[in-house]
Amino acid sequence: MLTAARYQSTQSKAERFVQPIDPASLPRGYLVASTYAGVKKAISPAPATSSAPSAPAPKPDVSLIVSSRPAAVAGVFTTNVFQAAPVVHATEALRASRTTADGREGPRTTAILANSGCANAVTGREGLEDTKELVGLVRTELTPAAKKRPAGDSDVLMLSTGVIGVRLPVGAIKRAVQHLVHGQVLQSNADAWLDVARAYMTTDTFPKLRTRTFTLGNRECRMAGIDKGAGMIHPHMASPAGLHATLLGVLLTDAPIAPSALQQCLDEAVRVSFNCISVDGDMSTNDTILALANGQAPELPNGAQPIPAGTEITAATHPREFAVFREELTALCLELAHLIVRDGEGAEKFVQVRVRGASDYAQAHAIASSISTSALVKCAMHGEDANWGRILCAAGYARRPASDWAIDPRKVNVTFVPPASASDAQPIQTLVNGTPQAVDEVAAAALLAHEDICIDVDLQGGTWDPARAGAEAVYWTCDFSKEYITVRGLLTQINGDYRT
């Protein structure tokens, strides 16, 4: 008989995961604002009622982030064939913007407009024109000087999330833009930044905002990250140069980083963070992460290795500072990616899947992804069942890259490892060298009763010698609960579930 008590928090996810933001950690040179435009109401108005009870103030659904100077920009985007209009616009803009009018390396961005409630996906040429009309409005209204210079392809970029197959309510968003630009609401304080994070939310239960501070040479740098996502999360994003959740995210820093270096760092950070999470195995049409760096970080009086004003870091010119920035960006992306999994629709468990002993990262990643997206594995984690058979099954049918390397079933180990919150617990080996082990069911249930679950799959080199095959990959996923079915069922009733 199982005796372990299931983990139950007395706090909501918002109470547990929304952190106070130190204003001193917000990046310099950015102003932000958000407002309620009624996007969802405009595209699917509710029937009028004369006795409707008073409702709380609606959350913001349109936001604007503005840099005080054109910032270096990098981006990664969904590889879904049905890319939403803002994704198409942004990828084309970043491809086209290689140098600026004053000869600086591009692309550069001044502002990011975002809306929730309508994804503007699968809306044809008209949807793309709607995006271009709105980003053009932001550009020309943001500053009078913008009207007097040639338009840059990437001057303003847009993010959208919400219902698929419906055009944006352009009129409502235009009115919101006018308010955001001219209403004296653009500011830089913790509350304003948190409201922008709220404006990104759809089925999310809490806004996701994190900040970091660090030093590059003689510059005191800051970085902020906002993302959203709770359903339709299984990203595979790539840069526009090689297109090699909805998950939306912006990463904003005042560090002096060149666009090419920023793209390099973002590609690597996303590879091991956002591209390693899954809630339900569905890749969105709108997945986008944008990173901006405006170089406004001040100089420290006694900083080492000076970075002169106007200089932008690259891997070639400042290798040490480049490495530090890449590490900071990766750490922030990991933190934000984990929040998305923790906020997965109906999620009660946060599951880490580590696959070791593969021939290369791509093989390990494919196997970890297969395990993480298995409905049977996810249900077993919800049921707190150390079911190694489901784990092996998912590993065995993983769609791995073609290779002369393969899994050797006689060498596979599967272990449930205690999370950091249960450091006094012992690992539970369920499979050793392909052989099932006797498992203490009470101990296993106690371990899996924790909110955080860690699965370790050691392939021990597979068909190669272990000395040649030491690659590993880590994936993060959540369980499937009754609440997930409830949430998805309600969305289907409301809007056909065409939501990103």
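Predicted model: local features only at pLDDT ≥ 70, side-chain atom pairs only at ≥ 80, totals over all residues.
Residues are numbered from 1 along each chain as its sequence is written. Local features need pLDDT of at least 70 and side-chain atom pairs count only at pLDDT 80 or more, while totals for chains, interfaces and linings use all residues, and side-chain values use heavy atoms, with hydrogens and water left out.

Let's start with the record: an unreviewed UniProt entry lists T202, K228, T246, E345 and T500 under "binding site", and such annotations may be inferred rather than shown by experiment. K228 belongs to strand β6 (residues 219–228), a strand being a DSSP run of E with at least two residues and a helix a run of H or I with at least four. With 1% relative accessibility, K228 counts as buried, that is, under 20% relative accessible area with a 1.4 Å probe and protein chains only. Its side chain makes a polar contact with that of T161 at 3.2 Å; such a contact is a pair of N or O atoms within 3.5 Å, where one must be able to donate a hydrogen and the other to accept it.

E345 sits in the loop between α8 (319–342) and β11 (350–358). E345 is buried too, at 4%, and its side chain has a polar contact with the side chain of T203 (2.7 Å).

Now for the rings. The charged end of R342 sits over the ring of F350, 3.9 Å from its centre, and K378 lies over the face of F480 at 4.6 Å. Here NZ of Lys or CZ of Arg must be within 6 Å of the ring centre and within 35 degrees of the ring normal.

Terms used:
Buried < 20%, exposed > 50% of the residue type's maximum accessible area, 1.4 Å probe, protein only.
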